[in-house]
Amino acid sequence: MENIDDLVARLAQDTTAVKPAPHPFMLSLQWMGIAAIYLSISIALSGWRPDILEAFHRPWFVAELAALLGIFIVTSVSAALLAFPDLHQKRLLALAPTWMFAIFLLILYFAARTDNPPVPLPAHSFECTLGITLMALLPAVWTFYFMRKYASTHYRLAGSVALLSAFSVGALWLRLHEETDSIAHVIAWHYLPMLAIGIIGLWLGKRLLKW
Amino acid sequence: MTDQNDNFEALIQRSLAGDQRAYAALLQKTSRLLRPFLAKRLGFTTEVDDLMQETLISIHKARHTYDGNRPYKPWAFAIAKFRLQDFLRAHYADQLRHAIDFDELEENLHEAVTEPVISYESISGEVQKLPQKQATILQLMHQDGYTAKEVAEKMGMNESAVKVAAHRAYKVLKKKLER
């Protein structure tokens with residue numbers, strides 16, 4: 001290998017003016033904007049759940065949606081921060097999804113407790129997971145596409161958070177589209193697959209974000 | 001300290017604007033900043049040099065992720081740490097690939113290892129011809145009297161890696177001395 005002085009001289013000779021990457025907050029705002037448009041179009045095409053107005057009067061449904069939206073926002077910001085080598089020196093914020101998921105679990109726990117007598121399970125099951133996953137494909141593609149432009153030093157975690165962010169878009173869409181009130185079904189087929197998605201994200205992060 | 005930080009940040013801002021001299025100065029300063037960090041964690045100067053070069057290339061590739069509005073050093077250290085972890089991961093994976101089965105190791109470890117019939121001094125010439133790492137390990141174990149565990153601590157390796165390296169060295173020496 002060449003020595004350090006030669007390398008420095010070569011790199012300095014190669015350098016030209018470089019446009020700095022946008023601030024991660026701007027980056028995540030951009031992703032959230034695109035996701036909002038995507039979600040709006042998807043709901044416009046697929047339709048709202050028939051009882052949407054009534055559902056918004058149920059406090060645990062609203063809390064669940066708010067927490068899901070929170071997960072989407074926090075994971076978007078975290079994914080943008082994780083795309084930078086030093087997490088833009090906002091380590092706590094980059095790890096914020098942990099807290100958001102804890103709040104989400106708490107809300108699901110209370111929602112399950114209030115589901116008494118339990119709402120009957122719907123006839124379908126895995127179709128929901130499949131629908132969410134398909135819906136999340138496009139957001140996942142654009143998030144990874146943008147993240148690859150930067151330089152993540154936590155590529156596994158970045159991949160996992162990015163995929164969870166995309167999956168939360170799909171989960172939001174399904175909760176607004178499908179008329180299902182069985183919390184057991186929602187936990188089993190909408191939210192538990194998030195665990196698998198998080199693990200797949202670790203693998204994808206290594207494959208796609210390593211540089 | 002603040003002046004030095006200011007210098008780093010001023011230099012990278014000029015570098016991002018395309019100033020090649022500022023960029024060369026920044027990379028030189030960065031290399032001086034990161035060298036002790038890497039040297040403390042790696043055993044050999046050649047490894048430090050190789051990793052230093054990889055780190056500088058990574059800094060070059062990732063320079064667009066620094067905007068000049070936050071401290072430079074944490075950014076540079078994050079990249080250095082990332083490359084170091086990559087290097088160590090590859091290094092230990094490689095060692096595992098070439099690791100010798102302990103059953104085989106047991107078969108080959110003769111009494112002469114603990115009670116040498118041949119003194120270290122009499123074969124020190126042959127030892128010096130071994131790869132640097134193996135020669136250093138044998139010297140520390142048989143001339144300076146360190147245990148494998150102490151050598152491992154001294155060289156920043158794990159104990160079994162030291163034993164495996166020593167075993168390889170014994171095999172090479174045995175072949176040479178049998179000729």
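## Helix 1 of chain A against chain B

In this predicted model, the buried residues of helix 1 of chain A pack against helix 2 (20–41) and helix 3 (45–61) of chain B, where contact means heavy atoms within 4.5 Å and buried means under 20% relative accessible area, exposed over 50% and partly exposed in between, with a 1.4 Å probe and protein chains only. Helices (H or I, at least four residues) and strands (E, at least two) are DSSP runs, numbered from the N terminus. Helix 1 of chain A covers residues 4–14, and its buried residues are I4(A), L7(A), V8(A), L11(A) and A12(A). Seen down the helix axis, these residues fall within an arc of 130°, so they line one face of the helix; the arc is that of the directions from the helix axis to the C-beta atoms.

At the start of this helix, a side-chain oxygen of N3(A) comes to within 3.0 Å of the backbone nitrogen of D5(A).

## Two helix pairs

Two packed helices are described by the angle between their axes and the distance between the axes. Axes are lines fitted to C-alpha atoms, for helices over the stretch in contact, and angles run from 0 to 180 degrees between N-to-C directions. Helix 1 of chain A and helix 2 of chain B pack at about 145°, with their axes 8 Å apart, and their crossing is right-handed, a crossing being left-handed if the near helix is turned anticlockwise from the far one by less than a right angle, and right-handed if clockwise. On the chain A side, I4(A), D5(A), V8(A), L11(A), A12(A) and Q13(A) take part, and they meet Q20(B), Y23(B), A24(B), L27(B), Q28(B), S31(B) and R35(B) of chain B.

The contact joins F167(A), A171(A), L174(A) and R175(A) of helix 8 to V186(A), H190(A) and Y191(A) of helix 9, and it has five nonpolar, one polar and one charged residues.

## Two buried residues of chain B

M52(B) is found in helix 3 of chain B and is buried, with a relative accessible area of 0%. Not counting residues up to four places away in sequence, M52(B) touches I4(A), T30(B), S31(B), L34(B), R35(B) and L38(B).

H64(B) is found in the loop between helix 3 and helix 4 (72–97) of chain B and counts as buried at 18% relative accessibility. Its side chain reaches the backbone oxygen of K61(B) at 3.4 Å. With residues up to four places away in sequence left out, H64(B) touches V18(A), K19(A), P20(A), A21(A), K149(A) and Y150(A).

## Chain A as a whole

Chain A has 10 helices and zero strands, and its C-alpha trace spans about 75 × 30 × 25 Å along its principal axes. Of its 211 residues, 50% count as buried.

## Conventions

Residues are numbered from 1 along each chain as its sequence is written, while chains are lettered from A and ligands numbered from 1 in the order in which they are written. Local features need pLDDT of at least 70, side-chain atom pairs count only at pLDDT 80 or more, and totals for chains, interfaces and linings use all residues, while side-chain values use heavy atoms, with hydrogens and water left out.

How values were computed: A polar contact is a pair of N or O atoms within 3.5 Å; within protein, one must be able to donate a hydrogen and the other to accept it, and residues adjacent in sequence count only if both atoms are side-chain atoms. Ala, Val, Leu, Ile, Met, Phe, Trp, Tyr, Cys and Pro count as nonpolar, Asp, Glu, Lys and Arg as charged, and the others, Gly among them, as polar.
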